[in-house]
Amino acid sequence: APDTPVIDQAYSKLSNSITVEWRAVPGATNYMLTAEDGDSFVETIVKNSPGTVTGLKPATLYRITVRSINSGGKSQPSPFRKVKTVLAAPILSIRSLSCDSIAVSWKAVHMAAGFSVSLMRSDGLGRMLKQNTTNTSLIFTNLDPGALYTIKAYAWNANGLPGDDFTYNQRTSPNAPVDVKVAFDGGALRAVVSWMPAEGALTYSVTVSRGLLKLRCNTSSASCVVPSLQCGSEYYVSVTAYNDAGSSDPTDVPSLKTIPCAPVNVSIEEDEPGHLLVSWDNVSLAHYYVVFVKSDDGLEVHCNTSYTQCHFQSDCGFTYFISVFAYNKAGQSPLGDVFNYTTAPCCPSDFRAVFTSSDTVRVTWAPVRGAELYETRAAGGRAVLLCRDTAAACTLSALQCSTPYTITVFSFSEARGSNTSCAPQYVATAPCSPEIKNISKESLSAISVQWQPNNEEATYVVTARGEAGLWHCTSTRNSCTLTDLPCGSAFSVSAIARSPAGQSFPSYSIPLETAPCCPKDLILTQVTQSVTNISWAVGRGAQTYVTTLESPKGQAKCHTLQTYCLLGCITCGTNYTVSLRAISETGLTSSCTYQGYSSSACCPSGVKLYRLSNSGIRVFWRASDQTINYRADVHGSKGNFSCTPSLGLSHCDITKIPCGDVYTMVVAPVTDKGPKLTAFSSFCPKKIYSVSCSGSSVGMVIYRGKSNAKHI
C-alpha cells in the first residue's frame, strides 16, 4: 500500500464543499478524501491534489483526512484537519414592485450574522448599489424602468467570513406606455391603438371597456387593432406594458367615442303636396345628421341638421331614394336602410272636356309622370260616373241632361295610390229635351205651342219645319206662338232647349197642318142670264172647294174638286154675296169671302120695231126695271147702229138706217159697272129684222138659227 499523505491545507469556499491540498505520494494512483461531522461522513476519490469533497452541509465543522490508494491497497488516513464549511447562500425572492424598484427578500441563513446584497444593471450601465443588512429583506429604489439588473447576495458569519453568494437577474417592470394614440376606423368598427415602445417591455395589452364589456388586444409590437366595436358607444382605453417582472401602470387615454349608429325608425311622409318630411329617432353620440335624397332621374340633394327631421321639396311622380347618416368626430354612421318613397303621380295637365253629344263628354289630358292608371270621376245629380283606363282619355256617356257635373281626373300608381289633390273641372250638360204638351190655334196664321219646362235658365226654341220653310218662336217660359204661318202647309213642330251648356235634343215632333189657303183670282163669269161660271186659282192645301152665291132671293152652291164651278138658277139683276170654303184632305176648312157679285140686269121684254118715215126705225120694249137705262144695237151688213133713250123711257129711235138689209137687233140694259159694252155682249135675245126698200116693210125675226118671219 502507498504511504500516508500529509495535508497541506484544507478550506471551504462553498457551503457544500471543502477543498483539500496535499503532497503527492509516490506510487499512489488515487486518493480518498473523507469528511466527518460526527453524525455522518462523506468520501470522495480523486486523482491528485487538490481535491474537493462535496455534498457537505453548510456552516458545519468537519474532520478532513486523506488516504492514498494504489493496486496494493489504501494507506492509513492522514492526520485530520478541522475545517468548517462556509455559510449557505441566501435563497432570494426577488420581484419588481414598480417600474423603478426591486424588492429582495430571503429566508434566514444558519449561522449568518449578516447579509450583503449588491445590484447592478446587467448591461454595465450605471453604478452598482450594495447594501449590508441583518434583515432578511430590502428594497432597491430609483431604478431604471424595464432595465435588467444582476443581484448578488451572500451571508457572513460572526467572523465576517462570507458564505456562498447567490446571483439573480431581475428586470424592473416597464414604465407606462406614452404617446398613446387611438385611431378609429368607422368603416370596420375597429380602433387602432399605437404608442411609443416602453423600455424593457416584452408585451403590451390594450383594454377597451364599456360597462361590463371588455375587449383586449395583446401584442409585442407598438400598436394593436381592437375589432368588433359597436357603433354609438363610448369606450375607455388603457394600454399596459408587460415583461417578466410584471406590468406597468395602465396608461389611460381620453374615452373613445365610436361613430354613431345608423338612424332608425326613419319615417317619410308628404306633410303637404310637394313637401317631403323625413324624420328619425335621436341617435346616441350623434352631433349632426345628413339626409341624402336622390331622385330617380339622378338628381341628388342633401340636408344637414342637428335635429331629427328634414324637409325636402318633392315633385309628383318621382321615386326618391333616401339615406340618413349620423355624424360625430369619429365619422359617419354605417349605412342603414335605404328607403324609397314614391310621390303621388302628377295631376293630369291640359285637361279638356268636350261634349261629343248632349249626354256624352270626352275627357282628354296629357299623360303625366308616375301615373299607371287614370280614373275619371264625374259627380252630378245623384249619380257618380267612373271611368278607369291606362290611356290619357276617357269618354263618359249617359250623362243626365241639364245637370252640372264636377269632373276630376285622378292619377294612380301602384306605389302611392291616387293623387287626391287634382283640381276638378266643372261642366254642365245640355238642357233636357222639352216635351210638347199642346198645340192650339190662335188664328189662321198663329199657333200656340205649350211644353213642359224641365230645365233651369234655359231658352226654348220652337221650330215649325215644312216645305214652305222654317218658322221659329222663342221663350224662356213654357209656351210661345208661331206667327205668320203660311196657309195650306204641313209642318213638323218640335222644340229644343238652349243654355250656355249647349242645346238639347229636339223634342218629339208634332204634326201641324194649317188651314188651306183661300184661292186668289176668283173670277165670276156670267154664262147665261141664269148661269154663272166661277173660277179661281188653286188654294194651297185645299182638296175640295165649296162655292156659294147667296142673296135674299135664294142660294146657289157648288162642291167640286176642280178650280171652277157652274152655278145655275141665278136671278138676273140680283146682288149676291160670294163665299168659298177651301177644304183640306184632313177636313180643315178655310172660309173665304170675296167682293159681292151682281148678276146682269134683266133683259127687256116685248121688243118691237117700227118704221119711221125718215128712213128710221123705233125700237120699243117693256122695261124690267124703271131705274135701268137700256140700249138698242142694230147690226147689219150696211152698218151698225145703236140708240139709248133717256132714263125712264122704253123706246129709242135709230135714224137713217139703210133699207134692203137684214139686221140683228138686241135691246139690253146698260149698267155703270165695267166697260161700256154693246148690247150684243149681253145675254138678251137677238132678233133679226129685214128692212126692205119697197113700199111695204116686211121684217123677220130669227132666234138661234131658226127663222121665224115677222113683218113690220
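Predicted model: local features only at pLDDT ≥ 70, side-chain atom pairs only at ≥ 80, totals over all residues.
Colleague: Ok, new topic. How many helices and strands does the protein have?

Modeller: Zero helices and 65 strands.

Colleague: And is the protein spread out or compact?

Modeller: The protein is more spread out than a compact globule, because its radius of gyration is 81 Å, well over the 27 Å that the globule rule gives for 712 residues.

Colleague: What box do the C-alpha atoms fill?

Modeller: Along the principal axes, the box is roughly 265 × 50 × 40 Å.

Colleague: Which domains does UniProt list?

Modeller: The unreviewed UniProt entry places "Fibronectin type-III" domains at residues 1-88, 89-175, 176-261, 262-346 and 430-517.

Colleague: Take residues 1-88. What is the strand content there?

Modeller: Residues 1-88 are 53% strand and 0% helix, with the end C-alpha atoms 38 Å apart.

Colleague: And what about residues 89-175?

Modeller: That span is 56% strand and 0% helix, and its end C-alpha atoms are 32 Å apart.

Colleague: Back to the whole protein. What share of the residues is buried?

Modeller: 42% of the 712 residues count as buried. The accessible surface comes to about 37400 Å², and carbon and sulfur atoms hold 50% of it.

Colleague: Last one, contacts. What share comes from residues 24 or more positions apart?

Modeller: Among contacts with a separation of 6 or more, such residues account for 57%.

Definitions and conventions: Residues numbered from 1 in each chain as written. Heavy atoms only, no water. UniProt positions renumbered as here; feature names shortened; annotations may be inferred. Helix = DSSP H or I, 4+ residues; strand = E, 2+ residues; numbered from the N terminus. Rg over C-alpha atoms; globule rule 2.2 N^0.38 Å. Buried < 20%, exposed > 50% of the residue type's maximum accessible area, 1.4 Å probe, protein only. Contact = heavy atoms within 4.5 Å. Areas by Shrake-Rupley, 256 points an atom, 1.4 Å probe, with all protein chains shown as cover.
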